[in-house]
Amino acid sequence: MTGASIPGAGYVAALASFDRMTATRLRALLRDRDPQEAYALAAGRVQPSDPIATLFAEYADLAQRWRTEARRHRPADAWRRCVEAGVDVVRPDDARFPAQLLGDPACPAVLFVRGDLDVLDARRVGIVGTRNATQQGRATAARFGAELAEAGVVVVSGLARGVDGAAHRGALSVDGSHPVGIVGNGLDQPYPRQHAELWARVAARGALVSEWPPGTPPDAFRFPLRNRILAALVEVLVVVESRERGGSLITAKEAGERSVDVMAVPGSVHSPASAGTNRLLSDGAAPATETADILVALGLDTRRAGRTRFDPRPAPRGTAAAIVESCRSQPLTLDAVVDSTGLSVADAAMAVARLERDGWLRSTGGWFEAIDEWADLA
Amino acid sequence: MFASISSAVLHGAVGHPIRVEVHVGKGLPGFTISGLPDESVRESRDRVRAAILSSALPYPDIRITVNLAPSDQRKTGSGLDLAIAVGILAASGVVDPAAAQAVAYVGELGLDGSLRAIPGVAPMVGSLGDEDVVVPVDSAVEAHVAARGTVRLLQRLDELVAVLNAEQPWPEHEPPAPPPEVTTSADLADVHGQHAARRSLEIAAAGGHHLLMVGPPGAGKTMLASRLPGLLPALDRERALEATMVHSAAGVRLPAGGLITRPPYRAPHHTTSAVALVGGGSGSIRPGEISLAHCGVLFMDEIAEFAPKVLDGLRQPLENRHITVSRSKINVVLPADFLLVAAMNPCPCGGGAPGACRCNAANLHRYLRRLSGPLLDRFDLRVDVHRPGVDDLLASTGGEATAVVAERVRLAREAAVGRQGCLNSRLDGSRLDRFAPLDTGGRAVLRDRLERGRLSARGYHRVRRVARTIADLDPRQPDVIPERAIHLALELRAPFDEALGRVA
Ligand SMILES: [Zn+2]
């Protein structure tokens with residue numbers, strides 16, 4: 001492929017792959033220049049003028065570093081990867097570029113997209129949370145995802161393990177929904193790998209968005225940057241579970257700075273997975289205990305009657321019902337079940353085993369969690 | 001010119017009587033020992049010579065020949081020193097040969113002529129039948145516990161000359177002070193909450209089921225394990241002697257009465273070497289921790305941190321209840337019938353309530369894989385132990401006291417032995433069908449778990465064994481195992497490593 005036949009997008013994709021490339025630097029390179037010139041400039045093949053000259057002067061080794069990077073990231077290869085992965089290169093001057101990002105102080109210089117960005121024209125809610133979510137947390141995320149999708153809201157999330165994935169599964173369970181996933185690596189390599197199918201379904205039904213071109217690994221530093229895009233795209237951000245210093249809190253902070261409403265799901269004070277969300281609530285976030293709370297925050301009137309799913313499980317009675325109820329507020333150990341019911345260890349073991357068999361409880365590492373009817377999606 | 005002296009050597013934890021035949025006669029000066037001595041026995045030539053000379057006794061600078069009989073058996077250790085020295089003194093006429101040959105001798109000599117204690121005096125003295133025996137003062141307790149003849153205590157070689165020549169009576173030495181009594185205040189009554197873990201200790205004690213406790217640091221796993229020996233019945237005379245012999249052979253000081261009557265409790269650290277755990281060593285073969293735990297409890301905290309090679313060494317004893325330690329030319333069988341209690345964290349970070357774990361999947365897998373499937377399979381009981389709740393810690397009363405639980409354990413063990421001649425952990429397939437029938441509810445529960453792939457065939461047998469013990473602990477001791485016992489047995493066999501796709 002000769003230089004002339006590579007579209008500008010190939011040069012942009014190659015530039016976005018450079019080490020130490022930031023949105024600001026990429027915007028500066030591309031301002032008033034076509035991508036081919038910008039690439040030549042970054043690669044040190046033409047004499048830089050301000051502001052790039054100042055940038056190179058400021059960071060002594062940057063010019064050298066980018067000259068090396070230019071040898072590693074060829075526009076032809078970058079373009080081929082985009083084509084092979086079915087990835088569109090969308091720049092701010094493109095009509096498809098999300099309007100919500102245009103006025104943003106940290107607006108990305110380019111987005112790599114699989115699917116249809118137009119779905120963002122609908123009402124948008126972000127659902128985020130910890131990767132190591134509890135069963136309860138994942139079920140809540142799935143329920144919000146499904147019920148918001150049911151109400152025609154676009155669910156935006158990060159496609160990570162735990163809460164993120166559950167929210168998307170919930171949204172995908174509703175026919176005609178258009179979920180959007182914002183990720184922190186190249187769109188050709190689903191991450192985590194177990195989510196490959198989830199990525200494909202989100203791309204097919206809605207859109208998958210990354211600030212980085214195909215081939216970019218999921219480096220830790222990219223996730224906070226991804227979070228700012230997620231925060232800027234939504235109208236309401238719901239944090240389902242977050243640890244004391246979880247990544248979701250960064251998303252919540254980014255949302256707060258953009259006047260996006262932050263809501264959090266209250267959790268037990270004993271649950272480490274709710275330490276961050278409870279902190280958000282005490283810092284003034286609105287509580288989200290059911291989907292209606294979120295819809296009200298969006299200004300959508302939605303007092304829909306009744307649940308949309310039928311629960312086929314045999315209803316527990318008496319002590320069993322009390323055990324399920326206690327496990328709903330926080331996961332319990334067998335010891336705690338013994339303490340709260342007064343049953344013998346053997347009788348408590350029999351009670352929880354029957355509830356497990358009937359699908360009301362799930363045991364992980366000796367903790368019993370209540371399963372609500374959305375768990376099959378979580 | 002010739003003397004034949006009675007002594008003994010140690011082979012693992014077993015003593016063997018030896019005749020030390022000494023000939024002192026004409027020829028070039030020299031000192032040879034025949035009869036399969038190993039290096040440690042050959043070294044006794046220098047110690048014996050120095051000890052005789054520094055005791056101001058005449059040393060015959062002519063040809064000394066020592067033969068150790070029976071000649072087909074390897075002899076190790078320094079316990080023959082005293083017998084060889086006495087043989088030389090008798091054969092060269094320094095002491096009365098008849099008097100010298102009337103007593104047996106076990107003990108090492110110092111270069112200064114003092115007598116030194118050696119490991120294994122109890123089994124060695126025990127092997128001498130009703131012979132009277134002379135031992136170092138420091139070996140008094142061990143010799144007394146095993147001797148059927150009279151035990152004579154000596155501090156120095158020169159004391160012996162006057163006694164054997166009938167110039168003085170046997171000296172009266174005070175035996176050394178016994179080691180301070182280990183005060184075991186560890187009572188189950190001090191344990192707050194921990195219902196499931198307490199129950200699993202009781203079941204482990206009653207059925208002889210190996211127990212794995214999985215829980216975060218601070219959950220009290222060590223505290224719980226240390227209470228298990230208190231639930232086990234005292235050792236009968238035969239078992240007490242076995243345990244005592246092993247302790248003696250390992251050079252561990254015996255309690256005041258000599259006999260070990262309570263089940264031992266050993267808790268080797270996870271840095272313990274394979275030799276220290278299963279036995280062996282250069283020189284003579286010493287019993288390891290697993291043999292010291294014979295008839296008692298072996299507690300392995302942080303079991304996943306033990307070296308894989310060390311853990312491998314547990315396979316044979318867990319299967320056969322003894323260990324064969326092999327060295328060049330020597331095979332020693334040591335007893336190792338112990339109740340294994342192990343503890344580990346659920347994951348490298350310690351885990352805790354759902355959502356608390358910060359481990360990534362790769363680290364978690366690596367950690368869980370350290371325990372091999374065959375080893376994990378040995379644990380009939382795998383219980384999740386949690387940090388006790390604040391309410392439990394504040395509760396003024398603990399649970400049942402050790403004495404109360406131990407009585408239930410005793411009755412359950414008697415029921416099992418009366419029914420089938422062994423503890424429930426030793427029931428195998430056909431005898432399980434005969435002695436551990438299930439009610440319809442319990443059968444349905446197990447069938448359901450098997451069909452859903454949540455119980456392996458091996459797990460199926462182990463759950464039934466544990467359920468048998470649970471039923472035996474019930475005061476009614478039902479013949480048919482009820483469903484609730486099955487549920488508890490299943491709950492106490494948590495598939496904590498489901499991340500590896502293993503099932504109960
Ligand atoms: Zn962990």
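I began with chain B, where β10(B) and strand β18 (residues 381–384) pair in the parallel sense over 4 bridges. The model is predicted: local features need pLDDT of at least 70, side-chain atom pairs count only at pLDDT 80 or more, and totals for chains, interfaces and linings use all residues. Residues are numbered from 1 along each chain as its sequence is written, chains are lettered from A and ligands numbered from 1 in the order in which they are written, and side-chain values use heavy atoms, with hydrogens and water left out.

**Entry 1: strand β10 of chain B**

I noted the terms before going on. Helices (H or I, at least four residues) and strands (E, at least two) are DSSP runs, numbered from the N terminus. Two strands pair if DSSP finds at least two bridges between them. Strands of a sheet pair through backbone hydrogen bonds, either parallel or antiparallel.

Next I checked the side chains, taking buried as under 20% relative accessible area, exposed as over 50% and partly exposed as in between (1.4 Å probe, protein chains only). From β10(B), residues 211–214, B:L211 and B:M213 point one way, B:L212 and B:V214 the other way, and all are buried. From β18(B), B:L381 and B:V383 point one way and B:R382 and B:D384 the other, and all of these are buried.

**Entry 2: the sheet in chain A**

I traced an open sheet of 9 strands with mixed pairing, in the order β1-β2-β6-β5-β4-β3-β7-β8-β9. β1 (88–90) and β9 (286–287) of chain A stand at the edges with a single partner strand each, so one side of each has no neighbour in the sheet. Inside the order I picked β3 (residues 124–128) and β4 (residues 154–157) of chain A, which run parallel and are joined by 3 bridges. A:G126 stands opposite A:V156 in β4(A).

**Entry 3: salt bridges**

I used this rule: a side-chain nitrogen of Lys or Arg within 4 Å of a carboxyl oxygen of Asp or Glu. The count by this rule is 46 salt bridges over all chains.

A:R228 lies in helix α11 (residues 222–233) and A:E211 in the loop between β6 (207–210) and α11, so the pair ties together parts that are 17 residues apart in sequence. A:R228 counts as buried at 7% relative accessibility, and A:E211 counts as buried at 10%.

In chain B, B:E202 is buried at 4% relative accessibility. I found a salt bridge from B:R199 to B:E202, with the closest N and O atoms 3.5 Å apart. These two are 3 residues apart in helix α8 (residues 195–207) of chain B, about one helical turn. B:R408 also forms a salt bridge with B:E202, at 2.7 Å between the closest N and O atoms. This pair links distant parts of the chain, with B:R408 in helix α19 (residues 402–420) and B:E202 in helix α8, 206 residues apart. B:R408 counts as partly exposed at 24% relative accessibility.
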